[in-house]
Amino acid sequence: MKERRKIIPDTNVQPTILYDLATVGDAYVELRAKNAPLPEADVYERHIAGSAAHIAIFNSMLGGKAACIASVGADPMGTFVQQTLRNHRVVVSGMQFSREHQTSLVFASRAGRFFQTSYYRISDWQLHNTK
């Protein structure tokens, strides 16, 4: 009868940690109206939006190493999302750029206690496994 050898893991090997946090989900652009409801707005401020983007940015601001995996359009707004994440030291090597879908947008406005949004969800729903 063959003798079975017991495999003992090497406890001296430390795992390689690439990131403290990797977010997967939506990253898009918010165009926020300045001092007017959406139907009357003619001036907007551009901001990054999406939970995956915000969580990765906030983690990085707290000193963590974060990566954001999301899908944006291969367009100027997608470049804005990518550059904004990079400016906050978020790793963007897992981002996907779609030539078939534009970067998603949300128009937002706050007038007093009244808040309006209008979503145009396009590329952020196109994230897929590339294997």
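Select Ser60 first. At 1% relative accessibility, Ser60 counts as buried (buried means under 20% relative accessible area, exposed over 50%, partly exposed in between, with a 1.4 Å probe and protein chains only). Ser60 sits in helix H1. Helices here are DSSP runs of H or I with at least four residues, strands are E runs of at least two, and both are numbered from the N terminus. Show the neighbours of Ser60: it touches His88, Arg89 and Val90, leaving aside residues up to four places away in sequence. Contact means heavy atoms within 4.5 Å.

This is a predicted model: local features need pLDDT of at least 70, side-chain atom pairs count only at pLDDT 80 or more, and totals for chains, interfaces and linings use all residues. Residues are numbered from 1 along each chain as its sequence is written, and side-chain values use heavy atoms, with hydrogens and water left out.

**Zoom out to the whole chain**

Colour by secondary structure. The chain has two helices and eight strands. From the N terminus they run β-β-β-α-β-α-β-β-β-β. Of the 131 residues, 38% count as buried. Among contacts between residues at least 6 apart in sequence, 63% join residues at least 24 apart. The chain exposes about 9400 Å², and carbon and sulfur atoms supply 52% of it (Shrake-Rupley method, 1.4 Å probe; for residues, only the protein chains shown count as cover).

**Helix H1**

Select residues 51-61, which are H1. Ala52, Ala53, Ala56, Ile57, Asn59 and Ser60 are buried in this helix. Look down the axis of H1: its buried residues fall within an arc of 160 degrees, so they line one face of the helix. The arc is that of the directions from the helix axis to the C-beta atoms. What do the buried residues of H1 pack against? They meet strand S1 (21-25), S3, S4, H2 and strand S5 (90-91). Step past the end of the helix to Gly63. Its phi is positive, near 100 degrees.

Next, select S4, residues 66-73. Seven of its eight residues are buried, so S4 is mostly covered. Two strands pair if DSSP finds at least two bridges between them. S1 and S4 run parallel, joined by five bridges. Find Val24, which stands opposite Ile69 in S4. S4 also pairs with S5 in the parallel sense, over two bridges. Here Ala67 stands opposite Val91 in S5.

**The four-stranded sheet**

Now select S3, S2, S7 and S8. In that order, these four strands form an open sheet with mixed pairing. Strand S3 (44-49) and strand S8 (114-120) stand at the edges, each with a single partner strand, so one side of each is left without a neighbour in the sheet. The twist averages 25 degrees from one strand to the next. Axes are lines fitted to C-alpha atoms, for helices over the stretch in contact, and angles run from 0 to 180 degrees between N-to-C directions.

Focus on S2, residues 28-33. Five of its six residues are buried, so S2 is largely enclosed by the rest of the structure. Six bridges join S2 to S3, and these two run antiparallel. S2 and S7 run parallel, with four bridges between them. In that pair, Leu31 stands opposite Phe107 in S7.

Click on Tyr28, which is found in S2. Is Tyr28 buried or exposed? Tyr28 is buried, with a relative accessible area of 7%. Across the pairing, Tyr28 stands opposite Ala49 in S3. Draw a distance to Arg121: Tyr28 and Arg121 are 93 residues apart in sequence and 8.6 Å apart in space, C-alpha to C-alpha.

Finish with the largest nonpolar core. A nonpolar core is a set of buried Ala, Val, Leu, Ile, Met, Phe, Trp, Tyr and Cys residues joined through side-chain atoms within 4.5 Å. Of the 19 residues in this one, Val29, Ile48, Cys68, Val81, Leu85, Val90 and Met95 touch the most other members. S2, H1, S4 and H2 are the elements that give two or more residues to this core. Last stop: Leu85. Leu85 touches Ile48, Ala53, Ile57, Cys68, Val90, Val92 and Met95, not counting residues up to four places away in sequence.
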